[in-house]
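Please examine the fold shown here, with attention to its sheet.

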Amino acid sequence: MPQLARRIGRAKPSAIMQVAEKAKRLKAEGRDIISFSIGVPNFLPGEHVYAAAREALDKDSGQYGSNRGADALLDAFIAHMAEIGLTGYTRANCATGVGAKHLIYNLAEALLDEGDGFAFPTPYWTSYLDVGEIVNADIQLLPCPPEQDYKLTPAQLDAALAKKPRVFLFNNPSNPTGMVYTRDEIAALADVIVKYPETWIITDDIYNRMVFDGVGYHNFLHARPELRDRVIFLDSLSKTYGMPGWRLGLMAGPEEVAQAVTTLNSNHITNVPEIVGAAGVAALSGPQDVPQQKCAEFQAKRDQVMAVLAEIPGVVCPRPQGAFYVFPDVSVAFGKSHGGKPIANDIDLCNALLEAKGVACVPGSAFGEPRALRISYTCPTPQLAPGLQRIREFFAELA
Ligand SMILES: Cc1ncc(COP(=O)(O)O)c(C=O)c1O
């Protein structure tokens with residue numbers, strides 16, 4: 001058989017999906033499984049979104065669409081950005097993709113040549129590493145352990161940017177930690193970024209509407225508008241609007257970058273489907289009551305999770321203020337055993353928890369932090385308390 005391309009040897013299937021698959025298999029075998037593993041919001045968009053999709057279906061143009069995205073969609077995105085204080089964008093600054101994941105891939109293709117520096121904080125969302133490896137970038141991880149609340153410090157960023165990576169990728173609110181940077185923290189990081197004009201900045205801020213405790217969402221551009229010529233802002237309908245399967249991601253940045261992504265689209269996907277685009281317009285510009293209500297619900301669930309974790313001796317967890325993840329340091333369990341099964345690391349722990357208690361979480365090593373595990377708490381509300389109770393029992397039973 002002929003050889004596959006070398007880049008495929010560097011591509012790995014998503015670690016999160018592997019846990020989810022195992023949980024699904026156990027469920028199919030009749031086990032009572034509570035899934036805290038996959039990062040889906042677990043709600044549906046408002047009726048107006050479905051109405052817009054149906055209308056688009058009835059008025060199907062029968063044509064290919066714009067490589068960049070339909071004008072109405074770009075305009076809705078521009079207005080949506082303005083609501084969070086990101087103003088002054090035109091259609092030429094924007095592009096769309098099949099989810100933010102696709103845009104990240106396109107941006108990696110557009111901005112990184114082989115061997116170029118690609119810096120991002122750890123813990124990271126899993127695909128950053130995988131995409132970086134596929135394009136053969138020189139990945140530069142910036143460790144942000146629980147002792148520093150999983151947050152990047154200005155001194156760390158300064159040292160990283162001094163190495164002149166081509167791209168610095170920043171994620172706020174964070175998947176997997178749920179941490180949110182305050183206005184002052186963002187301003188301090190932005191002060192560092194202005195010193196290093198050689199580096200593109202991608203802000204993957206797809207959870208920007210899911211911020212708790214009144215902290216607010218802040219971007220480097222709020223602090224330093226002069227960074228507009230090299231900051232690329234990413235957004236997505238997946239989490240905010242309960243539309244992960246619709247696959248719609250959006251970006252805004254310098255015209256050259258938006259054009260590069262548009263050109264890649266013209267060769268990959270041609271266009272985001274018309275019906276998805278119409279649904280996107282309705283989601284972005286219609287009533288926001290569903291996302292607002294869900295954000296309040298997630299904040300209450302975050303409190304519930306944190307209250308239980310606080311009762312488990314030795315488990316340490318910086319308090320998340322956004323998205324729908326909690327990322328406790330569970331290393332207190334390492335070196336112990338459960339039901340005779342040794343727990344040497346996060347993977348053993350997640351396997352034992354799934355097998356013994358039917359609770360699926362994702363090992364922290366999938367995100368570059370092997371001391372932790374990720375709890376995604378969007379499950380139906382009645383499952384949350386029993387799932388947390390099982391985690392508490394599991395830790396109490398460690399020997
Ligand atoms: C931080 C982050 N960025 C990007 C994505 C991808 O989102 P999308 O569904 O728009 O591809 C995810 C999805 O989990 C995410 O958590």
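Predicted model: local features only at pLDDT ≥ 70, side-chain atom pairs only at ≥ 80, totals over all residues.

Residues are numbered from 1 along each chain as its sequence is written.

Visitor: In what order do the seven strands form the open sheet?
Guide: Helices (H or I, at least four residues) and strands (E, at least two) are DSSP runs, numbered from the N terminus. Two strands pair if DSSP finds at least two bridges between them. The pairing is mixed, and the order is β2-β8-β7-β6-β5-β3-β4.

Visitor: Which are the edge strands?
Guide: An edge strand here pairs on one side only. The two are β2 (94-97) and β4 (138-143).

Visitor: Which residue of β7 is the bridge partner of Ile202?
Guide: Strand β6 is joined to β7 (residues 231-236) by four bridges, and the two run parallel. In β7, the partner of Ile202 is Ile232.

Visitor: How many residues of strand β6 (residues 200-204) are buried?
Guide: A residue is buried if 20 or more other C-beta atoms, placed from the backbone, lie within 10 Å of its own. Trp200, Ile202 and Asp204 are buried on one side, and Ile201 and Thr203 on the other. The number of buried residues in β6 is five of five.

Visitor: What is the bridge partner of Phe120 in β4?
Guide: Strand β3 (residues 117-122) runs parallel to β4, and six bridges join them. The partner of Phe120 in β4 is Leu141.

Conventions. Buried ≥ 20, exposed ≤ 12 C-beta atoms within 10 Å, placed from the backbone.
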